[in-house]
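Open the structure in your viewer and keep the selection panel at hand. This tour says what to select next and what is there.

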Amino acid sequence: KLLKMIREDVSHRDEIREEIVRHCRERAAESLDHGKDLAEKSIKYWHEASGLKPKISKLTDQVTSTQRHLGTFRTREEKRGCRKQLKELKAELRDRKRVQRDALSYYRHYHWRLKMVVSRAEKLKQNAELAASMLA
């Protein structure tokens, strides 16, 4: 309807068409600039989560090893020390997994927003091209 109204307004048609095309192109460029920031954040959180994988794996192995050897101690003092160490390892493992889970969550969020921004920019470019071709 808007394009039909613009076509009928002969005196201002070219100005309105140029304004629509300019506006759509500017908004598309702004969206893509914002998309760069989102991509950087997404990559940052991906690297953070990936960097935690070896540490988590190492802690998991330590917890498993400590649990296996818990029953091999002969004195109560040795068992207490081992249980205390196991408790500390489990707490650290839980914290690392939480940090990794949060980083992956942020990664997915920013990646999704990036997809939406790119999609919006493409639609704005298509609108600019459509306005330019239909009103020409």
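A crossing is left-handed if the near helix is turned anticlockwise from the far one by less than a right angle, and right-handed if clockwise. Keep that in mind for the first stop. Note too that this is a predicted model.

**Stop 1: the helix pair.** Select residues 13-69, helix H2, and residues 76-134, helix H3. Which way does H2 pass H3, left-handed or right-handed? The crossing is left-handed. The axes of H2 and H3 come within 6 Å and cross at roughly 160°. Angles over 145 degrees count as roughly antiparallel, so H2 and H3 are roughly antiparallel to each other.

Now colour the contact of H2 with H3 by residue type. Its residues divide into 31 nonpolar, 11 polar and 14 charged.

Stop 2: Select Cys24. Its relative accessible area is 8%. Buried means under 20%, so Cys24 is buried. Move on to Cys82. Cys82 is buried as well, with a relative accessible area of 6%.

**Stop 3: Glu122.** Go back to helix H3 and select Glu122, which is found there. Is Glu122 buried or partly exposed? Its relative accessible area is 39%, so Glu122 is partly exposed.

Technical notes
Residues numbered from 1 in each chain as written. Predicted model: local features only at pLDDT ≥ 70, side-chain atom pairs only at ≥ 80, totals over all residues. Heavy atoms only, no water. Axes fitted to C-alpha atoms, helices over the stretch in contact; angles between N-to-C directions. Helix = DSSP H or I, 4+ residues; strand = E, 2+ residues; numbered from the N terminus. Parallel < 35°, antiparallel > 145°, perpendicular 65-115°, else oblique. Nonpolar A, V, L, I, M, F, W, Y, C, P; charged D, E, K, R; others polar. Buried < 20%, exposed > 50% of the residue type's maximum accessible area, 1.4 Å probe, protein only.
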